[in-house]
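Let's take a walk through this model, starting with a strand and ending with a pair of helices. Have the sequence and the 3D view open as you read.

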Amino acid sequence: MKATGRVADDMQGYMRSYVLPETPWSRIAGGHPGSVLVLRLLPLLLLAVTVPLSFVNPIMIPYASYALVFLPAFTALVNGPVATALAALLVVAVACTGAMGILPYPHIAWGDLPAVAAVGMLCAALAWIRNRIVMRLLDMTFVAETVQGAILPELPERVGGVRVAVAYRTPEGSPGLVGGDFYDVQETEAGVRAVVGDVQGHDLSTVQLTDALLGTFRERALDDPDLTVLAARMERRVRLHNRGRDEWDQSFATAALVEITPRHDTVRVVLCGHHAPLLVRGSAVPIDARPMPPLGLVDFGLQRAEIREATLMPGDLIVVFSDGITEARNGEGRTFPLTAMLNSHIAAGVRDPDALHRKLKADFRGGGFVRTDDLTVLIMQVSGSASR
């Protein structure tokens, strides 16, 4: 149970941060803990550098004065109103000693003290307002995380005897935690059924359709006799979503439906405008099937989806992904070579889904690739192998 809990926590961490900020500015803008700590200590660091030097070298006295005067503003940058008010009181106290001539700086007259105190009070008020805004944003983030947990499941380590690892991330810089990608894995009487899909767009309507498609999959995967019927149900769900909308507001979605039979000896795939999953044994090979148009753009009453079957052996891996990972580019303009990376790690003997996922994450980060779309990678492994 402890190991399962650890994996679940790790997976949740991957969902929230598949790629850590690389540049100092992106770490600051993204609220990276280390960068926030530096910002909190910045006022003290400025004083620690300028004040001692001012006693050694008179040239540094103006700089020490500036650091002291701007202390409340720097403190209000990421600290709260209490810390900012204390910094303002410290500045007023030191300014008084400077006005009395006790200290060589700051060079300030008694008439300037009201302005210094007013600036300090203004900084404290701004810090209080900023704190209120931050708390509101934190509440909204908590709601978004709750929505994410309700829409996108935190998959267990095993589903129906199949080992599972998943990564999901919205685009780089996206304000939301839920985007257009969706995924799920369900144990049914027909075997283990999985879906990975991508809904057009990134707005609230996209999230609504994502939730609707996942609801349809979770309900109908338990009862529909085969994947073509399940695909038709999801197609109908998109059409119902588009009912009453003009042609410019119509939505569609791509999806890859995967079924692993109860004996884990066969995998079946239906593609609705989606990339073919990879069957990984000695190397990664696409499970090609004649793709149907995306959901919402096809009439299943006139055209039947094609099911592609492939034989499974113990230890085989099935990798289902969205185009967010294969279209991610690095600074040189190269796209992420998912198949090549998988083959490299498989050749090195890495077959455990969780370990393989960690390797892909390291490859993604190490290569400097940047997400421009939602990113989803679902790795499933049939039982009967000695993975590491």
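Which residues point one way from β2, and which point the other way? Val162, Val164, Val166 and Tyr168 go to one side, Arg163, Ala165, Ala167 and Arg169 go to the other, and all are buried (under 20% relative accessible area, with a 1.4 Å probe and protein chains only). Because eight of the eight residues of β2 (residues 162-169) are buried, this strand is largely enclosed by the rest of the structure. Strands here are DSSP runs of E with at least two residues, helices are runs of H or I with at least four, and both are numbered from the N terminus.

A quick word on the ground rules. This is a predicted model, so local features need pLDDT of at least 70 and side-chain atom pairs count only at pLDDT 80 or more, while totals for chains, interfaces and linings use all residues. Residues are numbered from 1 along each chain as its sequence is written, and side-chain values use heavy atoms, leaving out hydrogens and water.

Now for the neighbours of β2. Strand β1 (residues 158-159) pairs with β2 in the antiparallel sense over two bridges (pairing takes at least two DSSP bridges), and Arg158 has Arg163 as its bridge partner. Two residues sit between the strands of this hairpin, where Gly160 takes a positive phi near 60°. β2 also runs antiparallel to β11 (residues 375-381), joined by seven bridges, with Tyr168 opposite Thr376.

Over to the helices. In α11, Leu338, Met341, Leu342 and His345 meet Leu356, Lys359, Leu360 and Asp363 of α12 (contact means heavy atoms within 4.5 Å).

Definitions and conventions:
Buried means under 20% relative accessible area, exposed over 50%, partly exposed in between (1.4 Å probe, protein chains only).
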